[in-house]
Amino acid sequence: MIQPRLSRRRFLATTAVAALGVATRAAPAPTAGPVFAQRGYYLLPNRAPTLGLSANRDLLDCIAEDGGNTVILWLAGGFKSRKFPITWAYNETHENVRRDFVAPLIRHAHDRGIQVLLGFTPFGYDGVNQYPLEHPELKAVGPDGRPVAGFGIHCWGWNLCPAKATARSFMREYVREMAEDFCPEADGLFIESSDYAICHCPDCGPRFFDHEFACVRAISDTFWQRRPGATIVVYPHYFSGAKLKFSFSEAVAAKQPFDPRWTLFFTPHSAAPEPQLIAQAKGSWWWNEAPSRFDLAKIQAGAQKARSVHCTGFLPSLECYSYVPTHDEFGEPWLTGRRQVPFGMGWVPEGTSPYRELPLRAARLAYREFSRDPDLTEGALDEALGRELFGRAWTVAQVRDLRELCRVLGTDRNWTVPAPLTTPGLVAARRAAGRLDAAKRTFLRGQLDRVRSIAEAHRNSASPGGRDMARIAQWLADQWRGANLQTLADA
Ligand SMILES: [Zn+2]
């Protein structure tokens, strides 16, 4: 999960540090089998309250079709905890809070050969950060010595101080309930250390990650007692002693003993690959945001990076949101109070699976191909896209236009911010706020011209994929009529 206010400069700096951390060993020789033992996606179903069992089953089917065998399902805040109802009160309309469908969903995953890891953040983020509503004394302390301010994505609350015994017992019991009572067949845990803040109280400070580690250790042991050998994914912050930079604070990683049963998770923004740890771990997984942004080149770059640092898995994000933001989360106040549209694809009826829409099929296919062969050429990917999505008689123009649709949908995207062409109201709000300069208007008019051409060119295509592409392009073009079109005008 990426916190929203990471500056571009800091993001690039963190990425540069990650690049320096790359192992210098030679890349392993190519093998006949899959490059990565663990393949699949990182998902946050807790932030998609409108997607029920049917849409989530379809998602698992898609993962199986993409050659995946693993899925991270972030569930904290998205299940109806009996012990801690405050953790889901903000999310009471969520389909899983209402219908409790995750247990059958996990059985479906197993039918498709997919292992399911339950995601949560110790002492922060969704669900957990609601506990201070009842226990304000557990709030973490900021660098100024005062209780932290509220923060979140979808679920706004406060991170907890891990040095407080009540916070630790809450964490252990909340996770135990999720794993044992609600999802007893889940295959493991994904313990995502917070990427935005630590606690600066006198008991934490430089020992913050030691306190968090104690809880992670206890939660892992409890899970392994019940399911020996289960996959438990943790962040490297407890073991490396590295200096960590988050947007709200800095921290030093702990130097706790590493249990080789753990799998490690590395990201471009918050956890640089660490070769010595990777060499010890049961598995190591790399993540990036590329599939959720329709960024085919970055999917390839992610697969190459994962291989170069000897990760055993590449599990990028395919997350989408459908909640109603209660706060301005990414500097776009117009979005507050409006339901998020999964991937900005407003032509998909609410509550139905978005994962088979053509641009996502392109991103998923790119993931499937690059996770098999990170060095696949652009031409070979185009051929795979063409053949599968448009049929044997596919044309270069079809694939070129599909790539353009992916670029349009990925333009200026952020976790909760849709691409401009999907959402004229957002663009109008930016213009009203003086945040849509002439260059951007020209750029967006150019995109609009291209989607109109795509709609026109493929409307009568012999290929169903071609006509589908025309339908999506036409939907985009249709958003820009009348007053909306004036938003892009220079006058
Ligand atoms: Zn503390």
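**Exercise 1.** Find the salt bridge that joins the side chains of Glu-332 and Arg-430.

*Solution.* Start with the rule: a side-chain nitrogen of Lys or Arg must lie within 4 Å of a carboxyl oxygen of Asp or Glu. Glu-332 and Arg-430 meet it at 2.8 Å, N to O. The model is predicted, so local features need pLDDT of at least 70, side-chain atom pairs count only at pLDDT 80 or more, and totals for chains, interfaces and linings use all residues. Residues are numbered from 1 along each chain as its sequence is written, and side-chain values use heavy atoms, without hydrogens and water.

**Exercise 2.** Describe the interface of domain 1 and domain 2.

*Solution.* Domain 1 is 8–344 and domain 2 is 377–486, taken from an automatic or database domain assignment. Their C-alpha centres lie 31 Å apart. Each domain gives 20 residues to the contact (heavy atoms within 4.5 Å).

Next, take the area. The two domains bury about 1800 Å², 65% of it on carbon and sulfur atoms. Buried area is the accessible area (1.4 Å probe) lost on putting two parts together, summed over both. Arg-293, Phe-330 and Trp-334 supply 34% of what domain 1 buries against domain 2.

Last, count the salt bridges. The rule finds 2 across this interface.

**Exercise 3.** Which residues touch the most other members of the largest nonpolar core?

*Solution.* Such a core joins buried Ala, Val, Leu, Ile, Met, Phe, Trp, Tyr and Cys through side-chain atoms within 4.5 Å. Buried means under 20% relative accessible area (1.4 Å probe, protein chains only). Among 155 residues, Leu-118 and Leu-189 lead. Contacts of Leu-189 include Phe-120, Ile-219 and Val-233.

Notes:
Buried means under 20% relative accessible area, exposed over 50%, partly exposed in between (1.4 Å probe, protein chains only). Lists of a residue's contacts leave out its neighbours within four places in sequence.
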